Amino acid sequence: MSISPLTTNAPPLISIITSTYNAEKHLPDLIGSLRSQERTGIEWIIVDGGSQDNTVALVEDACDVVHKLISEPDRGIYDAWNKGIMAAKGTWIAFIGADDYYLPDSLDICCKEASSVSDDVNMIVGTIHWIDEPDNRIVRTVSTPWDWQKMQQRMTIGHPGSLHHRTLFDRFGMFDASLRSAADYDFLLRAGPHIRASFIPIPLARVRIGGASQSPLALSEAQLVRRRNLKISNFQAGLAYSIAWIKLAARSRIERFKSMLFSG
């Protein structure tokens, strides 16, 4: 694994990890969102899977905000995240997609929370907005504190707005890189009974809808990891998948209708 240090800083409190592959379209928004705010105590690691577009050049031009660039072929998002975890120096670790971006002052809010929580807290759950691609319209706000009982039914938190204490990865391992869209949920189910979380109700990031975690594949993988970690039956998993698919289809139709109204 090759690690190219772009800048040097004091030991960080928070390491942010972003996986990229041909991400030139939206990556400037993410770079700008970090560049525009206080970053003391922040380390940003970008793991690129061998982009063929202008992604790496954009990262190299952002050496004022990017601290490490890992540029080599990988097996997808979660393999990239694992590489980022191994390179990270922060006490707390966050993940944000190349299509997403942070809201103003969000990093300062995260640092203050991470510095003030009690020693038994090993996760900080944040609030995020899902936004529509064409017009950046907010379509949903995910603002739910950690609830282990609810998490066993479905992914309830806004993962891009959350921080993980690095001891969680030391204790429960890395992400399952064989999964395409639900390895974050799989990890949280593994660690779930031992997670003690604080909550930030203020929106921290905006996430463009349509990513890997918002697809029929994600629904299927979510039930796979529920069967694996919670020992539920195939019937229970199949029923949960059907209900989730109906909700996803209904939400998609509603959003298409709203888009038609707004575009009209």
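In which helix is Leu-224 found? Select Leu-224 and you land in helix α8, residues 216–230. (Helices are DSSP runs of H or I with at least four residues, strands are runs of E with at least two, and both are numbered from the N terminus.) Before moving on, note that this is a predicted model, where local features need pLDDT of at least 70 and side-chain atom pairs count only at pLDDT 80 or more, while totals for chains, interfaces and linings use all residues. Residues are numbered from 1 along each chain as its sequence is written, and side-chain values use heavy atoms, with hydrogens and water left out.

Leu-224 has a relative accessible area of 34%, so it is partly exposed.

Next, select His-26, in the loop between β2 (14–20) and α1 (27–35). Is His-26 buried or exposed? It counts as buried, because its relative accessibility is 10%. Leaving aside residues up to four places away in sequence, His-26 touches Ala-98, Asp-99, Glu-133 and Arg-208; contact here means heavy atoms within 4.5 Å. The side chains of His-26 and Arg-208 are also joined by a polar contact of 3.5 Å. (A polar contact is a pair of N or O atoms within 3.5 Å; within protein, one must be able to donate a hydrogen and the other to accept it, and residues adjacent in sequence count only if both atoms are side-chain atoms.)

Time for some charged pairs. Side chains of opposite charge can pair when their charged atoms come close. A salt bridge is a side-chain nitrogen of Lys or Arg within 4 Å of a carboxyl oxygen of Asp or Glu, and the count comes to 10 salt bridges.

Pick Asp-64 and Arg-35, whose closest N and O atoms are 2.8 Å apart in a salt bridge. Asp-64 lies in the loop between α2 (55–60) and β4 (68–71) and Arg-35 in helix α1, so this pair ties together parts 29 residues apart in sequence.

Then try Glu-43 and Lys-68, a salt bridge with closest N and O atoms 2.5 Å apart. Both Glu-43 and Lys-68 are buried.

Last stop: select Asp-176, Asp-186, Arg-190 and Arg-228, which are linked in a network of salt bridges.

Terms used
Buried < 20%, exposed > 50% of the residue type's maximum accessible area, 1.4 Å probe, protein only.
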